[in-house]
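Subject: Structure for your review

Dear colleague,

Please find the structure below, followed by an account of what was found in it.

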Amino acid sequence: MSAVIVPGRNYSEQAARIASILNYPLAKVYWKEFPDGEQYVRIENPELLSAKTAVVVNTMYPGQDKSIMETLMLVDACTRAGAVDVKLVLPYLAYSRQDKLFLPGEPVSFSIVLKTLRNAGATGLVTVDSHSPEKLAEFQGKAVNLLVSDLLVQEALKYSSNPIVIAPDKGALKRAEYAAVKLGLRFDYLVKTRDRVTGQVSYQPREIRISGEDIVIVDDIISTGGTIAEASKLLLENGASSIIVAATHGLMLGNALEKIRAAGVKKIILADTLASRIRDDLVEYTDVSRRLAEAVEKVLEQVERETRR
Ligand code: R5P
């Protein structure tokens with residue numbers, strides 16, 4: 001399959017890694033911002049894309065709104081440069097947590113993002129640990145949601161021994177189970193509630209048999225750190241020996257890091273799905289580009305099989 005990797009501005013290192021793993025050419029993209037804040041992109045070697053499949057690789061954090069617009073512009077530029085098809089690799093999809101109406105009068109922002117990407121001309125999407133995988137159907141093209149919790153928990157095993165994998169809420173259970181089953185570990189979940197107005201997290205009592213075990217908490221996103229901090233405190237109070245956090249997307253906003261440190265967490269393992277990095281001894285990043293590259297290869301092979309039929 002002849003495809004070209006087209007890098008987004010803030011995710012160009014990972015895009016280059018994916019290109020190198022797959023041995024695909026990498027397009028060169030010029031980016032600038034106009035004085036009024038609008039963005040401009042130009043593929044400097046558009047001839048590379050002629051009659052090829054373009055794979056736009058970008059992330060949507062930080063600068064969610066700008067990244068969405070940049071991605072749309074890249075899709076359009078690829079099509080105009082003669083690409084026959086455009087696929088997206090977007091390990092972090094913005095607005096995925098507003099995937100339904102929580103309160104009357106709200107929009108479903110995630111639907112808007114997915115539909116807009118599809119309408120721009122992208123026919124396939126590879127993402128990582130979407131907060132709302134069932135909603136990806138609204139992209140109306142081939143959408144692949146990769147779980148990387150096994151890679152993160154594997155890393156966590158450097159700091160813990162035979163841990164129990166815990167999901168901090170029922171919604172995170174699938175990704176905890178995925179990692180635990182792959183690695184032969186016990187798993188369980190906590191029951192969390194969040195005040196929709198204040199954002200405050202609280203936990204309901206639930207019996208989990210812990211007697212001195214190490215715990216790995218698995219979650220998709222660390223935003224304010226409230227979920228991880230409260231879950232960690234509860235687990236330590238209930239007999240956990242140590243807590244390692246394995247989370248896919250580490251937004252780590254405000255004082256999240258300090259909150260989590262103060263809750264007694266020993267290590268935070270994050271996937272490199274975002275363009276921002278926390279430089280602190282508590283935090284470690286795991287490279288997921290190989291898994292992204294494998295997914296791209298599979299998607300493109302499937303397209304090839306279908307076109308040969
Ligand atoms: C919620 O359902 C998500 O899976 C995460 O647990 C949540 O987004 C984390 O947010 P915070 O760090 O603000 O508690």
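With 309 residues, the protein chain would have a radius of gyration near 19 Å if it were a compact globule, and its value of 20 Å agrees with this. The radius is taken over C-alpha atoms, and the globule rule is 2.2 Å times the number of residues to the power 0.38. Along the principal axes, the C-alpha trace of the protein chain spans about 60 × 40 × 35 Å.

Please note that this is a predicted model, in which local features need pLDDT of at least 70 and side-chain atom pairs count only at pLDDT 80 or more, while totals for chains, interfaces and linings use all residues. Residues are numbered from 1 along each chain as its sequence is written, and side-chain values use heavy atoms, with hydrogens and water left out.

The protein chain contains eight helices and 15 strands; these are DSSP runs, with helices (H or I) of at least four residues and strands (E) of at least two, numbered from the N terminus. Of the 309 residues, 51% are buried, where buried means under 20% relative accessible area, exposed over 50%, and partly exposed in between (1.4 Å probe, protein chains only). Among the contacts (heavy atoms within 4.5 Å) with a separation of 6 or more, 62% join residues 24 or more positions apart.

The aromatic rings deserve a separate paragraph. Rings of Phe, Tyr and Trp (its six-membered ring) pair if their centres lie within 6.5 Å; planes under 30 degrees apart count as stacked, over 60 as edge-to-face and the rest as tilted. By this rule there are three aromatic pairs. In one of them, the ring centres of Tyr 30 and Tyr 40 are 6.1 Å apart and the planes stand at 70°, so the pair is edge-to-face. Tyr 30 belongs to strand β2 (residues 29–33) and Tyr 40 to strand β3 (residues 39–43), so the pair ties together parts ten residues apart in sequence. Tyr 30 is partly exposed, at 33% relative accessibility, and Tyr 40 is partly exposed as well, at 28%.

Tyr 61 and Tyr 92 also form an edge-to-face pair, with 6.1 Å from centre to centre and 80° between the planes. This pair links distant parts of the chain, 31 residues apart: Tyr 61 is in the loop between β4 (53–57) and α2 (64–80), and Tyr 92 in the loop between β5 (85–89) and α3 (109–120). Both Tyr 61 and Tyr 92 are buried. Finally, Tyr 30, Phe 34 and Tyr 40 form one aromatic cluster.

Yours sincerely
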